[in-house]
Amino acid sequence: MYPFTYSRATDVADAVRDKAGHDGSAYVGGGTNLIDLMKMNVEQPAHLVNVAKLPLAKIEDLPNGGLRLGATATNSDTAWNEQVKARYPLLNQAILAGASPQLRNAATNGGNLMQRTRCYYFYDLATPCNKREPGSGCSAIGGFNRIHAILGASEACIATHPSDMCVALAALAPTVRVSGPQGERSIAFEDFHRLPGDHPEFDNTLAEGELITSLDLPEKGFAKHFAYLKLRDRHSYAFALVSVAVGLEMDGDTITDARLALGGVAHKPWRDHSAEALLKGQHATAETFGRVAAHVVANAVGQGSNDFKIELARRAIVRALKQAAEGKQEAGDVYLGGQ
Amino acid sequence: MTQTNHIGKAPNRVDGPLKVAGTAHYSGEFNVPHLAYGYVVSSPIAKGKVVAIHADEVRALPGVLEVFSHENVPYLAWFDKSYKDQIAPGGSPFRPLHSPDITFNQQPVALVVADTFELARYAAALLRIDYEQEDHETNLETKRTEGYAPGGGKTGFQAPPPPRGNPDKALKNATHSIEAEYAHGAQHHNPMELFTTTVEWRGDGKITAYDKTQGVYNVKNYLMGVFGLGKDEVRVVNQFMGGGFGAGLRPQYSVFMAVLATLELKRSVRVTLTRQQMFSIGHRPNTLQLLKMGTNPDGTLASLQHHALHETSQFEDYTENIVNWSGMLYQCENVKLGYQLAKLDIYSPQDMRAPGAASGNVGLEVAMDEMAYAAGLDPLEFRLRNYADRDQNVDKPFSSKKLRECYKQAAAKFGWETRTQKPRSMRANGKLRGMGMGGGVWDATQTKSAAKALISADGKLTVRSATGENGTGTYTIMTQIAAETLGLPLEAVTFELGDTDQPEAPIQGGSWTAASVGTAVKNACDALGEKILKLAQKPADSPLKDAKYDEVEFVNGQLRLRLDHDQAVVLRDVLQASGETQLEADSSALPNMLKQQGYSMHSHNVAFAEVEVDEDLGTIKVTRVVSAVAAGRILNQKTARSQVLGSVVWGLGMALMEETVMDHKFGRYVNHNFAEYHIPVNADIPHIDVIFVHEDDDIVNPLGVKGIGEVGMLGVTAAIANAVFHATGKRVRDLPIMLDKLL
């Protein structure tokens with residue numbers, strides 16, 4: 001870990017100002033990922049601006065019928081919030097499928113969006129990594145890539161975004177409110193994270209100095225027909241090999257609206273609009289689900305150790321769609337494999 | 001009624017309160033004054049040379065005390081034998097900072113010492129080192145045809161016995177036969193506590209090393225050999241350990257580094273490894289096994305052949321007993337066992353819980369399942385038909401063996417009779433259900449140990465032996481043995497361990513501590529008891545006047561005649577009347593070779609496992625495990641049960657998730673952290689039933705104990721693998737069985 005200075009911001013303007021005043025600085029919320037990365041020397045910020053105590057921890061109704069999730073509300077407080085449980089149970093399930101209670105108690109909503117990939121090589125300074133050191137090469141291509149991307153990867157990077165919460169968010173499509181040196185703006189969730197392309201060093205589209213202040217969920221929460229299915233190498237405390245977030249609106253057995261997003265498969269939470277379009281107006285049948293699932297993975301590319309993910313994703317999509325259509329899921333349910 | 005019969009009961013851990021109160025001190029918690037901190041720098045390459053270490057750039061930082069490397073290490077011992085510890089395998093032990101040559105990835109190449117840990121870590125990150133890289137080979141697959149039989153092995157290694165009968169002919173003529181290869185990757189022990197050494201500089205060349213180790217004497221002797229220290233110049237202490245599992249059997253480079261820095265700087269130094277560096281200190285080796293089996297028409301084994309090949313380093317022939325168990329667990333007249341090593345550019349493997357047996361057991365017990373299916377037999381019935389009443393490897397009877405009773409009790413508890421033989425024939429909760437079993441065998445060993453017992457005039461007993469406590473319950477069982485031997489309540493007894501100022505005990509491994517140290521503790525207490533008896537007999541009117549020691553017993557704070565309980569004296573009265581403030585006795589214990597030579601001495605177990613598999617997604621959930629263990633007499637039902645519970649979890653981890661993945665391009669383990677090296681978490685662990693089948697065995701040792709640290713792990717991995725086959729019809733032969741292998 002490199003030496004750094006530290007300050008605790010009192011309000012958003014103070015935080016933005018403080019960060020702008022320090023070269024090589026970073027915001028820190030719960031610190032559940034950044035501090036690890038600093039210990040490994042992957043991140044070497046010269047100055048940390050602690051934003052965890054900013055007055056952004058509220059979860060409150062929005063005039064448009066939506067719900068505002070404050071950026072510094074913890075993942076735990078968000079998952080167990082009564083409004084979230086009742087109106088956005090998909091988000092509740094996805095958050096609870098991630099990390100451990102201890103981590104969720106510390107991690108913030110803003111920080112969840114900002115967490116970096118778990119690529120083995122990104123974490124290990126002994127190996128080249130374009131995300132960590134642009135131009136040095138990608139060790140995961142041709143290396144051990146069990147947890148790596150099958151969709152939207154580039155020749156520079158095949159890393160995945162590790163969040164569960166963000167997969168549900170991709171399906172729920174909130175706007176991300178940010179403040180920065182140039183003022184405030186909103187970013188559609190879908191546009192927040194980016195694909196690696198030639199610049200895998202950038203995980204998202206935030207401009208320099210911008211700080212997430214809230215996630216504004218739209219009114220539609222898919223609370224009746226939803227599923228978050230996470231498949232991993234152990235039943236808790238492991239990142240997703242493949243996860244699927246589904247939200248459906250149903251009229252009888254006809255799907256009238258659909259959301260479908262995948263985790264563990266791409267550099268960003270992978271929402272598939274064309275698959276959603278294929279679902280709309282269709283009967284909720286195994287045949288429909290199979291067709292949609294095949295469509296989602298039609299352009300997937302394996303990298304060797306993760307080839308299985310293509311078939312796994314296909315099957316997981318079918319299962320998640322079926323679960324969502326059945327409408328038996330409840331907030332608090334977390335899939336544990338056999339039971 | 002006797003209140004001082006403690007053995008076989010289930011008292012709580014006597015060291016529990018210290019642990020929950022945070023007053024049990026681990027090696028990184030001895031905050032001696034004026035402590036400096038060392039941080040190890042590890043090689044990023046697997047093979048080559050250090051060409052330059054730009055240490056001066058780092059030495060210039062205020063607060064950095066020194067950078068140690070091969071460039072400035074003082075003259076140390078020259079011969080290999082000085083570096084050999086009690087269980088060093090054949091070859092040349094790794095010498096940290098000895099030369100610029102790199103022989104494995106993450107090899108320690110420098111130690112940065114500074115006034116604070118944070119500064120040492122930062123300086124280590126800044127330290128520029130130039131390497132010259134050479135081609136390496138870390139892939140066992142490339143060495144399939146280059147295996148060799150090791151010459152000498154380490155202590156405890158036994159080359160496989162020569163073939164018996166005519167295994168090839170018997171296989172050819174068998175009614176049914178199978179042949180299959182099994183594999184598992186490297187696994188690392190990963191105890192929660194990082195390897196840490198705090199070395200206290202006591203002035204005048206004297207040091208105390210608080211070192212995470214499973215053997216304080218092993219470390220002391222190593223340090224004396226390597227650094228030329230005298231007996232009185234080095235003391236090694238380790239009273240608590242946050243898990244060992246074999247990782248602490250050999251002195252690790254952390255203790256070398258900390259002692260080196262302390263002696264050079266004449267200042268106390270602590271060195272703590274990182275989690276990543278915990279993947280550079282030895283592991284269960286990547287192993288390939290070939291099994292061939294054939295049966296006779298009656299379902300008995302006609303032929304059994306088991307060959308294993310595993311990796312070792314370029315500099316040591318690490319050995320373990322993988323295949324020998326296959327020659328003794330089942331009755332078979334035609335057996336061929338083979339064992340080979342292959343050298344790779346890796347660090348030496350190291351004993352890891354049930355070393356060898358855990359690996360070989362998976363091959364043997366999955367093959368037994370395959371053979372049972374080929375022969376059309378229930379897997380339990382197949383094992384019963386091949387039950388071994390003698391150890392055919394050495395042609396001796398077992399000192400005791402209640403494996404049949406284990407099968408019976410565990411099968412009943414598990415409900416094995418509800419199982420239908422056909423794969424994919426059982427379903428539950430919308431999943432495929434599978435039931436599998438596996439059994440195992442482990443050594444019952446006793447090794448030389450010593451202990452000292454002291455009793456004060458007020459009847460407080462202290463017993464000391466330099467053994468270890470890595471969470472197994474050593475403090476508790478030794479307290480029970482001592483208290484029962486001298487008829488005292490547990491509260492009157494203090495057992496002290498883990499200090500080279502105490503009588504010598506062997507490294508804590510091999511499941512031999514209860515038998516070895518326990519016997520020494522009993523002997524020391526008996527020696528003390530004889531002294532007490534003599535004192536009791538001094539008064540002319542002593543009711544014990546002419547009694548011999550074996551005619552008396554210590555019970556409930558009294559010393560009395562075994563055959564006439566009214567002829568008794570109160571222990572405390574005897575001690576106080578003697579005028580002595582303290583009595584003490586030393587004793588040691590050796591195995592009774594004469595008594596043991598006609599027998600094969602082993603513990604046995606069986607595990608039954610139930611799984612549910614989601615057929616579409618390949619996810620596996622272990623829903624139940626029943627484990628039955630026959631390991632002589634159980635000293636403490638509670639700590640013993642905890643050990644078996646832990647063993648089952650280990651077996652589950654080996655079956656379903658544990659694997660250290662080597663990227664051969666770099667010759668480097670890539671998942672070297674707790675996020676990506678998966679060990680089971682609570683959500684993975686099912687309900688576990690533990691059954692102990694008591695064995696009376698006065699041949700293994702006077703206490704009749706066999707040890708249970710390792711045997712409980714056997715069978716579990718195979719039982720789960722076999723249950724997965726039963727559920728799905730898919731036979732996965734390379735561990736761990738992860739969901740992609742079932743898609």
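Start by selecting B:Gln350 and the residues around it. Leaving aside neighbours within four places in sequence, B:Gln350 is in contact (heavy atoms within 4.5 Å) with B:His189, B:Gly246, B:Ala247, B:Leu249, B:Arg250, B:Gln252, B:Ile281, B:Gly282, B:His283, B:Arg284 and B:Tyr318. B:Gln350 sits in the loop between β16 (335–343) and α7 (357–375) of chain B. Helices (H or I, at least four residues) and strands (E, at least two) are DSSP runs, numbered from the N terminus. Is B:Gln350 buried or exposed? B:Gln350 counts as buried because its relative accessibility is 4%; buried means under 20% relative accessible area, exposed over 50%, and partly exposed in between (1.4 Å probe, protein chains only).

This is a predicted model, in which local features need pLDDT of at least 70 and side-chain atom pairs count only at pLDDT 80 or more, while totals for chains, interfaces and linings use all residues. Residues are numbered from 1 along each chain as its sequence is written, chains are lettered from A and ligands numbered from 1 in the order in which they are written, and side-chain values use heavy atoms, with hydrogens and water left out.

**Chain B as a whole**

Chain B contains 15 helices and 33 strands. Its radius of gyration is 27 Å, close to the 27 Å that the globule rule gives for 743 residues, so chain B is as compact as a globular protein of that length. The radius is taken over C-alpha atoms, and the rule is 2.2 Å times the number of residues to the power 0.38. Along the principal axes, the C-alpha atoms of chain B fill a box of roughly 80 × 75 × 50 Å.

Of the 743 residues in chain B, 64% are buried. Among contacts in chain B between residues at least 6 apart in sequence, 80% join residues at least 24 apart. Colour the surface by element next: the accessible surface of chain B comes to about 26,100 Å², and carbon and sulfur atoms hold 50% of that. These areas come from the Shrake-Rupley method with a 1.4 Å probe; for residues, only the protein chains shown count as cover.

**The domains of chain B**

Colour chain B by domain, with bounds from an automatic or database domain assignment. Domain 1 covers 32–135 + 193–243 + 248–275, domain 2 covers 143–187 + 283–445 + 598–742, and domain 3 covers 447–588. The contact between domain 2 and domain 3 of chain B takes 15 residues from domain 2 and 17 residues from domain 3. The C-alpha centres of these two domains lie 40 Å apart.

Most residues other than glycine have a negative phi, and most peptide bonds are trans.

Select B:Gln106, in the loop between β5 (101–102) and β6 (108–114) of chain B. B:Gln106 is not a glycine, but has a positive phi of about 70°. B:Gln106 is buried, with a relative accessible area of 6%.

Move to B:Asp395, in the loop between β17 (390–391) and β18 (396–397) of chain B. Phi of B:Asp395 is also positive, near 55°. At 52% relative accessibility, B:Asp395 counts as exposed.

Then select B:Leu735 and B:Pro736. The peptide bond from B:Leu735 to B:Pro736 is cis, with omega near -5°. B:Pro736 is in the segment after β33 (734–735) of chain B.

**Chain A**

Hide chain B and select chain A. How many helices and strands are in chain A? There are 13 helices and twelve strands. A compact globule of 339 residues would have a radius of gyration near 20 Å, and the 19 Å of chain A agrees with this. The C-alpha trace of chain A spans about 60 × 50 × 35 Å along its principal axes.

Buried residues make up 58% of the 339 residues of chain A. The chain exposes about 12,900 Å², with 50% supplied by carbon and sulfur atoms.

The domain assignment of chain A gives domain 1 (5–52) and domain 2 (225–326). Their C-alpha centres lie 36 Å apart.

**Last stop: A:Trp80**

Select A:Trp80, in the loop between α3 (75–79) and α4 (82–87) of chain A. A:Trp80 is partly exposed, with a relative accessible area of 46%. Not counting residues up to four places away in sequence, A:Trp80 touches A:Lys85, A:Asn92, A:Leu96 and A:Gly332.
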